[in-house]
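Dear colleague,

I am passing on the structure below, and my notes on it follow directly after. Please read them alongside the coordinates when you have a moment.

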10 protein chains.
Amino acid sequence: MSTKPSKHLVTFPNPSPGRDYLIRHECPEYTANCPVTGQPDFGTIVVLYTPDKLCVELKSLKLYIWAFRNEGHYFEQVTNQILDDLVKAVKPRRMTIAGLFNVRGGITTRVVARYTKPGSRGRAKR
Amino acid sequence: MSTKPSKHLVTFPNPSPGRDYLIRHECPEYTANCPVTGQPDFGTIVVLYTPDKLCVELKSLKLYIWAFRNEGHYFEQVTNQILDDLVKAVKPRRMTIAGLFNVRGGITTRVVARYTKPGSRGRAKR
Amino acid sequence: MSTKPSKHLVTFPNPSPGRDYLIRHECPEYTANCPVTGQPDFGTIVVLYTPDKLCVELKSLKLYIWAFRNEGHYFEQVTNQILDDLVKAVKPRRMTIAGLFNVRGGITTRVVARYTKPGSRGRAKR
Amino acid sequence: MSTKPSKHLVTFPNPSPGRDYLIRHECPEYTANCPVTGQPDFGTIVVLYTPDKLCVELKSLKLYIWAFRNEGHYFEQVTNQILDDLVKAVKPRRMTIAGLFNVRGGITTRVVARYTKPGSRGRAKR
Amino acid sequence: MSTKPSKHLVTFPNPSPGRDYLIRHECPEYTANCPVTGQPDFGTIVVLYTPDKLCVELKSLKLYIWAFRNEGHYFEQVTNQILDDLVKAVKPRRMTIAGLFNVRGGITTRVVARYTKPGSRGRAKR
Amino acid sequence: MSTKPSKHLVTFPNPSPGRDYLIRHECPEYTANCPVTGQPDFGTIVVLYTPDKLCVELKSLKLYIWAFRNEGHYFEQVTNQILDDLVKAVKPRRMTIAGLFNVRGGITTRVVARYTKPGSRGRAKR
Amino acid sequence: MSTKPSKHLVTFPNPSPGRDYLIRHECPEYTANCPVTGQPDFGTIVVLYTPDKLCVELKSLKLYIWAFRNEGHYFEQVTNQILDDLVKAVKPRRMTIAGLFNVRGGITTRVVARYTKPGSRGRAKR
Amino acid sequence: MSTKPSKHLVTFPNPSPGRDYLIRHECPEYTANCPVTGQPDFGTIVVLYTPDKLCVELKSLKLYIWAFRNEGHYFEQVTNQILDDLVKAVKPRRMTIAGLFNVRGGITTRVVARYTKPGSRGRAKR
Amino acid sequence: MSTKPSKHLVTFPNPSPGRDYLIRHECPEYTANCPVTGQPDFGTIVVLYTPDKLCVELKSLKLYIWAFRNEGHYFEQVTNQILDDLVKAVKPRRMTIAGLFNVRGGITTRVVARYTKPGSRGRAKR
Amino acid sequence: MSTKPSKHLVTFPNPSPGRDYLIRHECPEYTANCPVTGQPDFGTIVVLYTPDKLCVELKSLKLYIWAFRNEGHYFEQVTNQILDDLVKAVKPRRMTIAGLFNVRGGITTRVVARYTKPGSRGRAKR
């Protein structure tokens, strides 16, 4: 497996697809550039999901978060993009992404977005 | 983009208008003048909302909060005005503004106001 | 505006009468005399309300609290009187007064009283 | 008013009988003798009630708690007796007594008893 | 009263059988032998109950806990046995026993068992 | 009883099969190898269950956790396998396994899986 | 006394000049403009001193801190200027000024400066 | 002033060169690449110094920390390099750099280096 | 560089041999086997040193700690061995090793050993 | 090695007799009988020492502490006896024993005793 930053999310088969269960990854080393000022932003990305047939592989998640390092992203957009990318790759039953970003201009920002698979019941609890 | 205080709130298109999600900004550097005594007041403004078609741009929110610096405002009035201004600019599905003001005359004050778009269900959770 | 203690509560027009919202004042500098022992009592008065057409002006609230300083009051009576006085002056939709009194004779006392305008729904949440 | 220990509980008229409100007294200086060993026990008595026509006077509550000092009492009995005595004297709408007793023989004990006036709705919330 | 370890639980009449109330004993000095290794185990036993006609006498509870000192007991068995013994002696309306045991083999164990008298409503709240 | 690592889970008869009660084991000394990097992972395994006819013996649980020491396991797979193995050996009414794993690649992971015996009501509360 | 911002510091005679003692003022409502960006900075100014013949009057200290509101200041310069101004006005035996400034550009800054009157022994302890 | 990352440290004249005082900058947004693995490292850099004739300008310090973002650095080397660069630019009387780095390979690392100007007495206290 | 466990400690040249400074590594993932029982032990190893001409490379330290995983070691012996191995490889001016080991048989153990290079002054401070 | 309680302390050769270092064992599962009341006492025994030629083996220390379980001991006596027994068996350079005993009669007791080998310098630091 590569050790380069990569937006490619590797998955592996859910070892227990017959069971509804919760996986939570906390990634405190997110960094990207601010599209307005060009300066680096920092934050923590929390991924919480109930897998269906696939799970996200941890090292590829690290490389995925790493791949934002030299790109420009708004807080609102990146939280939704991470949700979209992970939903597309992992096709979970339910998923929540929370972006907890460092203070900028004296203001602290949090963004929380959720996905529920059509036909699935309830939502991922945090 | 200007770096002068400005009541003009800049918006950008909601990157995920198809999804109900939460954005929270905490602004601990609010200051204005007391209309009764003329002396400066200080406080924290919390903005929590579910965007519809627009999001508020973070730097313009900083300049907007800055623009109260040399104006006179009551706590109750300014909390409601910030809600009105942000609702007018951002047209959110749901929004809550909480003003947490420093002690004055030995008294600590909090004001919390909420908005729900007509036809929208529920209210923004804190 | 006077700077003498005064039971007269000054109000100003609610800047947003069309909206149900919350105002909370915490006044940790209440003091009065104990009617039984004549000794000074101390406490914190919390005022929480949803205004209707009027708000209580903060400096007059400070002078009002000050006006109890040389009077004799039971804890139970003064909490209810403050609720009665504020309801009469401010005519709120909902109001809660909590009196948190310092230890006396080895005993700590709290008194909480609530008002809901006839025809108004729910009660002020703390 | 006497300053001797006394089981006589003095009351005064509820200043706001038209309103349901809460009074809470915390008495950390309870002491009595253990009926089994004759040795002193210590604890905190919490009194929480909604008054009807009467309130308990604070100094008499102090003298009442003091009056247990040279008597023998089980934890369970004294908590219920305090509830019975206060209910009899104050005739509240609702009342809760919690006895939090110090470690004895390596064992820590708590006893909680509640009273609701017949025909009254709900119970005193702690 | 004896001061020897004894499985005999002494009771006394519930001073307030007409009232549903809670008694909680926390006994941090439980010790017994492990039936597998023969070595001593340590833990805290929490007893929570609503008495019916009887209460457990505190000193006899201490001697009862002491009586396990030289016996062999599994954590699960002893928690249930204490519940059975206390239910048999005290015939409570509701009772909960929680056994919080010290680390053994790098593993910390808790066992919680509850009893509700047939025909009694609800369960003892902790 | 052996003191070698072993996947064989020893059980003993539930001492109180007539009662629904909770057993909780916290095992902070889980370690295994990462299947991707071959390097050791560390974590805490929490086992919470309501037994039916059998309980898991504590020493065999220690040896079972020990048996992962030189094997390769994903976090998601091992949490589910521990649930499957324990359900198969103990046949509980309800069981929850929580795996709390140490940071890897700057990311902290938790996995929580639950089992309810068909026909059994509710789920094990944590 | 005026209620306008003013750099004029009012003093009053030290009531106990025969004794070495400490006075500490904590002023959390400092704000000024950044000379580099023109944007407002925020911080807390701590004043700690041992008076000689004079003490600083509290209201004039508030107006003095207020007077920085519309001026441009570096953190290092303003901390030293406050020390210089206060030393000149109050002529203390020892004085420490600590400036604790809000995060700017992701960096939090503290500046601490001390003064000891020539011929005085020791320094002000914080 | 530029807003590009830059190793060029801008200084300004110490506003109070006649006084020994302390400046502390805490920079929690340090990131660089690991020279061994090529992957990003994260940490907090604390700068503590007593200036002589110069101070480091805060925005240039931010750009300086930013300039490590795409370079490879060992923890020990970068802490000493930051000390060397800052000593060279600022020529302080005393300076301490503490590097507090995020966990890597299960290991947390701190590096602390100090500089004292020849002929200067004592060292910078943290 | 290998990713196998290895007792070979890799070093790199101290980037600042002209300066006395401190490096601290905290390794919470130490595990080995108990020579008496054969069962796994767990603990945290803290390495604190002032380098002379060499520093220990972090990844090789991780592999070194890993290499104890399948060996038998007493707490006292392993703490001293780690000090001996690191002193031999790194030849520091001063070094302290603290071993903080998990509870075994109900007993928690700590071992602390220090080394000072002959002719070097003082000892490494923790 | 036996698994019976035993006053026989097993030792093993100090792996690093050429170095002065510290070993600390904390034993929270001490229990014995009170000689006055015959009832069980509980406490924590802390052993801190600098070994000379011998170390105490951990399992034998556990069995040694266990051997007090059915004996009668005063707090002061047992702390000194443990010091005497360990000094005799281990012949340390320096040793401290601290006994931290549970509350009895509302009183918590600590006893600390130290030994320094004749001709040895200093005392074991805790």
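Leaving aside residues up to four places away in sequence, Cys34(A) touches Gln39(A), Asp41(A) and His73(A); please bear in mind that this is a predicted model. Cys34(A) sits in the loop that runs between strand S2 (22-33) and strand S3 (40-50) of chain A, and because its relative accessible area is 17%, where buried means under 20%, it counts as buried.

Asp41(A), for its part, lies in strand S3 of chain A and is likewise buried, with a relative accessible area of 5%. According to the UniProt record, an unreviewed entry, the annotation "active site" covers Cys34(A) and Asp41(A).

Turning to chain G, helix H2 (residues 75-90) has 16 residues and reaches 22 Å from its first C-alpha to its last, which is close to the 22 Å expected at 1.5 Å a residue. The buried residues of H2(G) include Phe75(G), Glu76(G), Asn80(G), Leu83(G) and Val90(G), and the helix is followed by Lys91(G), whose phi is positive, near 50°.

As for the arrangement of the chains, chain A and chain D do not touch, their nearest C-alpha atoms being 29 Å apart, and no contact joins chain D and chain F, for which the closest C-alpha atoms lie 23 Å apart.

Note on methods:
Residues are numbered from 1 along each chain as its sequence is written. Chains are lettered from A and ligands numbered from 1 in the order in which they are written. This is a predicted model: local features need pLDDT of at least 70, side-chain atom pairs count only at pLDDT 80 or more; totals for chains, interfaces and linings use all residues. Side-chain values use heavy atoms; hydrogens and water are left out. Helices (H or I, at least four residues) and strands (E, at least two) are DSSP runs, numbered from the N terminus. The expected span of a helix is 1.5 Å times one less than its number of residues. Buried means under 20% relative accessible area, exposed over 50%, partly exposed in between (1.4 Å probe, protein chains only). Contact means heavy atoms within 4.5 Å. UniProt positions are given in the numbering used here, feature names are shortened, and annotations may be inferred rather than shown by experiment.
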